[in-house]
Amino acid sequence: MILSKQKPWEEILGYLDGEKSVFLLGCNGCAQASGTGGPEQVTEMKDKLEAEGKKVTGSTVVDFLCEKALVKSRLRGKLEQVKVADSILVMTCGVGVQAVAASVNKVCHPACDTVNLGGSRGEWKGSERCMECGECLLEYTGGICPLTACTKGLISGQCGGASKGKCELNPEKDCGWELIYKRLKAKGQLDMLKKPIPPKNWDRMMPDVSVMATSHWALERTD
Ligand code: SF4
Ligand code: SF4
């Protein structure tokens, strides 16, 4: 289970600034259980966005947004609605947003932050990884997580050590920031690189006290 919470409303609206229309994508897996991206929340989001004058071109809720094959097959019947939208608002955890951003060549905005539960559950079988940082940055990086795709976890851009697209610390690995550059270019978002990513609140990498008060947390403790 990957726990998520919706980003502050002003932050979501800020992501959509300058856009007229959006397609909504929810998740019937962890996001539904978290109360952040199930059918109910997608309907609420549609109403709130329309009240702000945004056109919602369509929406769907996929069983597991972290499964790229599922995302592609479920969107097949919605291609026109996606095509006419300026962007997709993805209402799920960091792994799901990455999977959608990798599957559709469209600007994808994250609607949620992934909550830290004391470690990383976002180890996916593809290249999508999430460290549950509590403050999702995928808006700025074309949907590729800088914390997991970059060996040093740099959030402010490339270190300059990459060679032929490979990481200076691990030549077997693609440089995460080169991947981010290519993804932003493909989505027509290279301007994102001129926007400084806001300072990160690393405290959110720690589980919240409410999480540590649960019986689940107590059972998981080994010390
Ligand atoms: S920035 Fe990366 S680690 Fe943080 S929530 Fe998003 S995907 Fe997860
Ligand atoms: S070479 Fe690329 S992936 Fe490696 S540490 Fe530098 S920016 Fe990160």
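In this predicted model, domain 1 and domain 2 together bury about 910 Å², and carbon and sulfur atoms account for 50% of that area. The domain assignment places domain 1 at residues 3-115 and domain 2 at residues 138-198 of the chain. Thirteen residues of domain 1 take part in the contact, as do ten residues of domain 2. Over C-alpha atoms, the centres of the two domains are 23 Å apart.

Five residue pairs are in polar contact between domain 1 and domain 2, counting pairs with both residues at pLDDT 80 or more.

On the side of domain 1 that touches domain 2, two elements give two or more residues, namely helix H6 (94-103) and strand S5 (108-110). Helix H6 gives the most to that side, with five residues. The composition of the side of domain 1 that touches domain 2 is tabulated by residue class.

| Class | Side of domain 1 that touches domain 2 |
|---|---|
| Nonpolar | eight residues |
| Polar | four residues |
| Charged | one residue |

Aromatic pairing is considered next. A search of the whole structure returns one aromatic pair. Its members are Tyr15 and Tyr140, arranged edge-to-face with 6.5 Å from centre to centre and 90° between the planes. The pair links distant parts of the chain, 125 residues apart. Tyr15 belongs to helix H1 (residues 9-15), whereas Tyr140 lies in the loop between strand S8 (129-130) and helix H7 (146-149).

Salt bridges form the last topic. Side chains of opposite charge can pair when their charged atoms come close. One salt bridge joins the side chains of Lys46 and Glu50, at 3.1 Å from N to O. Both Lys46 and Glu50 are located in helix H3 (residues 39-51), where four residues, or about one turn of the helix, separate them.

Technical notes:
Residues are numbered from 1 along each chain as its sequence is written. Chains are lettered from A and ligands numbered from 1 in the order in which they are written. This is a predicted model: local features need pLDDT of at least 70, side-chain atom pairs count only at pLDDT 80 or more; totals for chains, interfaces and linings use all residues. Side-chain values use heavy atoms; hydrogens and water are left out. Domain bounds come from an automatic or database domain assignment. Contact means heavy atoms within 4.5 Å. Buried area is the accessible area (1.4 Å probe) that two parts lose on being put together, summed over both. A polar contact is a pair of N or O atoms within 3.5 Å; within protein, one must be able to donate a hydrogen and the other to accept it, and residues adjacent in sequence count only if both atoms are side-chain atoms. Ala, Val, Leu, Ile, Met, Phe, Trp, Tyr, Cys and Pro count as nonpolar, Asp, Glu, Lys and Arg as charged, and the others, Gly among them, as polar. Rings of Phe, Tyr and Trp (its six-membered ring) pair if their centres lie within 6.5 Å; planes under 30 degrees apart count as stacked, over 60 as edge-to-face and the rest as tilted. A salt bridge is a side-chain nitrogen of Lys or Arg within 4 Å of a carboxyl oxygen of Asp or Glu.
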